[in-house]
Amino acid sequence: MKHQLTEEVTLARREIVRVQVDRFHLYYYDFFHRKETIEMAKFFFETVYNLDGKEEWETLAFTTYDKVKNMMKEGTRESVERLMELNTITDDLDILMAKLLLAKGWKPGREIDQEEYFTLFCELDERETRKKQLEVVLFNLKKFYELAHKPVSAYIIKPAAMMSRLLGVYPLFKKVEQGYYATLPVGQDLFNEFYVKVKEKEWEFLYKAFPTLKEEI
C-alpha cells in the first residue's frame, strides 16, 4: 500500500524510525560491537528500516515484482516477498505512530526518548499487527540465515544480482544480497544466540506494552 505523505508526517516518521533504531542499538549492543555480527545486526536493525531509497524500493516492489518473480529462485523469491510484507506492515505502523506523534504537538527537530516512544507505542495499540510484524521479523531472520548458508546460494547470488541489473530491478534484489553477505560470516551457534536474544527481547517488549497478548498465547 502506497502512502501519500505530507512533509510533516514524513519528518515525524523519520523520528519514529530513528528512535526505534536507537532502541535496537540499546537492546542488541553486544551484536553491534562484535566483529562477526556487526554487519548482521546493521542489516536487520538498520538497513531493513532505512528510509533512504525506500520510495524506489517500494515502487519496484509493487509495480515490477510480478513481472520478474518467476525468474527468481524460490528462496530468493520468498525472501523478497517476506521483505515486502514486513515493509508494508512496518510502513503502516510507523505512519500511524508519526500521525499520533504530530497529534501530540510534536515539532520537527525535537528528539523523543525511549519512554515517550513506548507511551506512543502503547497508546496506538495495534497489538495484533505488532504481533504479526514480530512473527515476520523472526521468520525473516531464520530465512536469511538459511539462504546464506545453503551451498547453492554461493553460485546463484552473483548471477541473480547481474540478472536483476539487466532487468532494471536491482534495488529490489539488493536487500536480499545485503542480507546474504551480512549473515554469511556468522556461525550457527552465534546466529542461534542472536535469534534467541531477539525473540526474547522483542516478545518481552510486546508483552510489556500489551500484557493481554501473553494471555492469548
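On a 1 Å grid over the protein atoms alone, a cavity is a set of points where a 1.4 Å probe fits but cannot get out; points are joined across faces, edges and corners, and a volume is the space filled by probe spheres set on them. By this rule there are four cavities of 30 Å³ or more.

Colleagues, this is a predicted model, in which local features need pLDDT of at least 70 and side-chain atom pairs pLDDT 80 or more, while totals for chains, interfaces and linings use all residues. Residues are numbered from 1 along each chain as its sequence is written, and side-chain values use heavy atoms, leaving out hydrogens and water.

The largest cavity holds about 200 Å³ of space. Its lining (residues with an atom within 4 Å of a point) comprises 14 residues, with Arg23, Phe24, Tyr49, Gln133 and Glu202 nearest the centre. Two or more lining residues come from each of helix 1 (7–27), helix 7 (114–124), helix 8 and helix 11 (188–209); helices are DSSP runs of H or I, at least four residues, numbered from the N terminus. Helix 8 gives the most, four residues.

Which helix holds Gln133? Gln133 lies in helix 8, residues 127–148. Gln133 counts as buried because its relative accessible area is 10%, where buried means under 20% and exposed over 50%, with a 1.4 Å probe and protein chains only. Leaving aside residues up to four places away in sequence, Gln133 touches Leu86, Ile89, Thr90 and Leu93, contact meaning heavy atoms within 4.5 Å.

By contrast, Leu166, in helix 9 (residues 153–166), is exposed, at 68% relative accessibility.

Technical notes:
1 Å grid on protein atoms, 1.4 Å probe; cavity = no way out; pocket = protein on both sides within 12 Å on 5 of 7 lines; lining within 4 Å.
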